[in-house]
Amino acid sequence: MNAGTKFAIGAVLIVGSVGYLMASGVKQTGQYYFTPSELSQKIAVDRAFYNVGMKVGARVVPGSVTRDLATKTLRFQVTDGTVRYPVEFHGLPPDTFTDSVEVVVEGRLHPDGVIYATDVLAKCGSRYEAVPKA
Amino acid sequence: MTVLGNLALWTAFLVGGWGALAGLVGGLRARPDLQQSARHAVFAMCGALLVAVFSLEVALFRHDFNVEYVAAYTSRNLPIFYTWSALYAGQKGSLLFWATVLSMFGSLALALTPRRQRELLPYVAGVVSLVAAFFLSVMLFGGANPFQRLPYTPLDGSGLNPQLQNPGMVFHPPMLYLGYISITIPFAFAMAALLSKRLDTDWLVAIRKWTLLSWLFLSIGICLGMWWAYVELGWGGYWAWDPVENASLLPWLTMTAFLHSVMIQEKRGMLKKWNLALIIGSWLLSIFGTFITRSGVISSVHSFTQSNVGYFFLFFLLVAGTASFTLYATRLPLLAADTRLESMVSREASFLFNNLLFVGIAFSVLWGTLFPILSELVQGTKVTVGPPFFNQVNIPLGLALLGLTGIGPLIAWRRASLPNLQRQFAVPVTAGVFTVLVLLLAGMRDGYALVAIGLGGFVAATIVQEFARGTNARHRQYGEPYPLALGRLIARNRRRYGGYIVHTGIVMLFVAFSGMAFKTETEATLRPGESVSLRSPYGSTYTFTHLGISQYDALNRLVTAAAVEVRRDGKRIGMLNPEKRQHVDSFGRPTFQPSTEPSIMSLLREDLYGVLGGVVNGTEQAVFRFTINPLVWWVWYGGVIVALGGLVVMWPGGGGSPAARRSQAGYAVRLVGEK
């Protein structure tokens, strides 16, 4: 067997493991990303979407935010204009979190209709111009 | 000043368009007059753009709030260096900055390139002008003109986003920009070589030098970005696999791959096609990064406001990608390899695997970044992947790469013999195994961390061995004292030993990254006098005691600060003072959301990171998050060493004659193209 063939085998091994790692990575860590409307449509046809880790991208309903700093509980509602979901989050929200910003809520929708968030990412919808990284 | 600014933009755009035409036509038709004109066009464009930058800075410093850009990013009470850096804080200004820096790099490349590469220069001038003209067209026709005026004049501007008011903001974006922008120069040389069909060693030298410069800026920029995220954003980490971070990592990966594989082309005449593809790919990735940060197609925490500027970039990306790879394809027959791979156990083979790993990592990062779009196209449902995906894929690949960092430089070119392998690897392998045993005895059980630090020990030993052998050889041969021998060793073989210095920094980074596997944190609501304890991974216990809250006015903000006393195993070691800041304009009206200012105590082994979440209803009861981040300082040290190593490699004057370069390689291999 010449060096070229041996190298080809090594290359196939590397490319194969990259492919395998990527496929298994997506399978194990991929999360659905829904808007509230999409989520309500999915849940209407398939109850399997309850209790599944997902991200929901929406806007915080103005005036819906209640904070209880002592217990670090944050409750608010999110909407995409048609469907609303209440969200409950324990922890410190990011600086940019406030009324009517765009948020990405990471968590699970429980059958009681509340999204229990494990993480809340916010971006200032109107004018967030962060570090120009590129 | 906006009249002057607009005039400068238009001048630069027209001159740039002419430069592109004159350079490409002048090169292809061999018309010296046009070639000369293209060179001058780049210089003229650079001058016009500098005038534009000057006009914008004057508007910024005069607080001319009638200019929309000035009103949007500055205010009367903004500290002066942030006023300066507002030049690139927003979309429009950053485009101007891009074009200006590109024209400066282009002028430098034209002025500094030696005479024997003259044939390439008209094409270089043409490509640089074309790219700069594109950026100018976005400003002039894409609604991103920084000199646009408002129909009224606000009394004060909105000020700069508080998260950007950090010293890192003054250095991080320019460095990253310098890296991003300067990739255009090696790309321009690659295009020039393809167009002129001069595919010998000359173009390779020019491309390598510029790629190295670009790589150095990008490395520094990425490290500064990590530092900025760590000290300013308050989530307690320095890398989140955010699309924008990924965008800066992608060209860095492909350029690093190129800087390794280019050595095989220099020494063995192989991989010509691959190397050119890497350069073209790196440049396209830099434009791609600019596109995703500005278009909003991928939701990122730090993207610019959505605008149609994104379409300009997408269009440019597609056209430029198609054009450059079509040209590349037509020149493939000229890029045949001079030699073949002789053995799997050779430096060539280990460099080839290194390249596959770099490109594999880049591909997986690109894939993960684009996955939401791809999955929506294919399945109709958007699926996102986050940090767990990137870690799961890239930790094993990164560790394999770390292993090759130790193997590659020590293994012989062409074909390594068994005695060669024993001589080179006996000590380092022992060192690696020993490191793992010590860690196991110390009680470390995390698999990846053990492998990372063990491999780190192995690579570090290979590097020490190389320095020791080289120094010893000089000491024996020339009778130089050891420190002098070491200094001369590095000075006379800058590429080789500078490379080892970079590798040392990389080892430190890997070890530091693995420290994050042992991060511990706690959140607590404390009244004054109450405390919370956290056990560090090294076994000591830290106690954080909340002493009280103070509030005061600073230049442009109201500050709420907490005083937290820190004790290690009962002994007082200092204070943390995390803050909440409410920024205000010069009339005392609040601007932006309150921002968090973490307080960090950096120790050699670990960082104590305190965040003030908020104060409960005006009392002194406060919510905190305390994090112990092991080994964070080693990330910054590692970054500094990588940069220093890069400087050593780049420092002019080293190497010199082909014979000297050959001796640097350490093996008697004829350089390609050398007679």
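Start by colouring by pLDDT, the predictor's confidence in each residue, on a scale from 0 to 100. This is a predicted model, in which local features need pLDDT of at least 70 and side-chain atom pairs count only at pLDDT 80 or more, while totals for chains, interfaces and linings use all residues. Residues are numbered from 1 along each chain as its sequence is written, and chains are lettered from A and ligands numbered from 1 in the order in which they are written.

**Stop 1: confidence**

Helices (H or I, at least four residues) and strands (E, at least two) are DSSP runs, numbered from the N terminus. In chain A, strand E3 (residues 66-68) has the lowest confidence, with a mean of 84, and strand E5 (residues 84-90) the highest, at 92. Now select residues 125-134 of chain A: pLDDT stays under 50 there, and the model has 37 contacts beyond four places in sequence for this stretch. A contact here means two residues whose C-beta atoms, placed from the backbone, lie within 7 Å.

Switch to chain B, which averages a pLDDT of 88, with 95% of the residues scoring at least 70. Residues 662-675 of chain B are the stretch to treat with care, with pLDDT below 50 and 23 contacts in the model beyond near neighbours in sequence. For the complex, the predictor gives an ipTM of 0.83 and a pTM of 0.90.

**Stop 2: where the chains meet**

Bring both chains back. 38 residues of chain A are in contact with 64 residues of chain B. Which elements of chain A give two or more residues to the side that touches chain B? Select helix H1 (3-29), strand E1 (31-34), strand E2 (54-60) and strand E7 (115-123) of chain A. H1(A) gives the most, with 14 residues. By class, this side of chain A has 20 nonpolar, ten polar and eight charged residues. (Ala, Val, Leu, Ile, Met, Phe, Trp, Tyr, Cys and Pro count as nonpolar, Asp, Glu, Lys and Arg as charged, and the others, Gly among them, as polar.)

Next, zoom in on E1(A) and strand E1 (residues 382-384) of chain B, which pair in the antiparallel sense over three bridges. Two strands pair if DSSP finds at least two bridges between them. Look for A:Gln31, which stands opposite B:Thr384 in E1(B).

**Stop 3: helices around H16(B)**

Select helix H15 (residues 418-441) and helix H16 (residues 447-478) of chain B. Their axes come within 7 Å and cross at roughly 145°. Axes are lines fitted to C-alpha atoms, for helices over the stretch in contact, and angles run from 0 to 180 degrees between N-to-C directions. Show side chains at the contact: among them are B:Val427, B:Gly432 and B:Leu439 in H15(B), and B:Leu450, B:Phe458 and B:Gln465 in H16(B). The contact residues divide into eleven nonpolar, six polar and no charged.

The contact includes B:Ile395 and B:Leu399 of H14(B) and B:Tyr448 and B:Val451 of H16(B). Its residues are nine nonpolar, four polar and no charged.

**Stop 4: H9(B) and H19(B)**

Move to helix H9 (residues 201-233) and helix H19 (residues 632-650) of chain B, packed at about 165° with their axes 10 Å apart. The two are therefore roughly antiparallel to each other. B:Trp215 and B:Trp227 of H9(B) are among the contact residues, as are B:Trp636 and B:Gly639 of H19(B). The count is 14 nonpolar, three polar and no charged.

**Stop 5: strands of chain B**

Select the open sheet of four strands in the order E2-E11-E10-E9 (chain B), with antiparallel pairing. Strand E2 (520-526) and strand E9 (599-602) stand at the edges, each with a single partner strand, so one side of each is left without a neighbour in the sheet. The twist averages 15° from one strand to the next. Four bridges join E9(B) to strand E10 (residues 606-615) of chain B, and B:Ser602 has B:Asp607 as its bridge partner in E10(B).

Finish at strand E3 (residues 531-535) and strand E4 (residues 541-554) of chain B, antiparallel over five bridges. B:Ser533 has B:Thr543 as its bridge partner in E4(B). E3(B) and E4(B) form a hairpin with five residues between them, and B:Gly539 in the turn has a positive phi of about 110°.

Key: Parallel < 35°, antiparallel > 145°, perpendicular 65-115°, else oblique.
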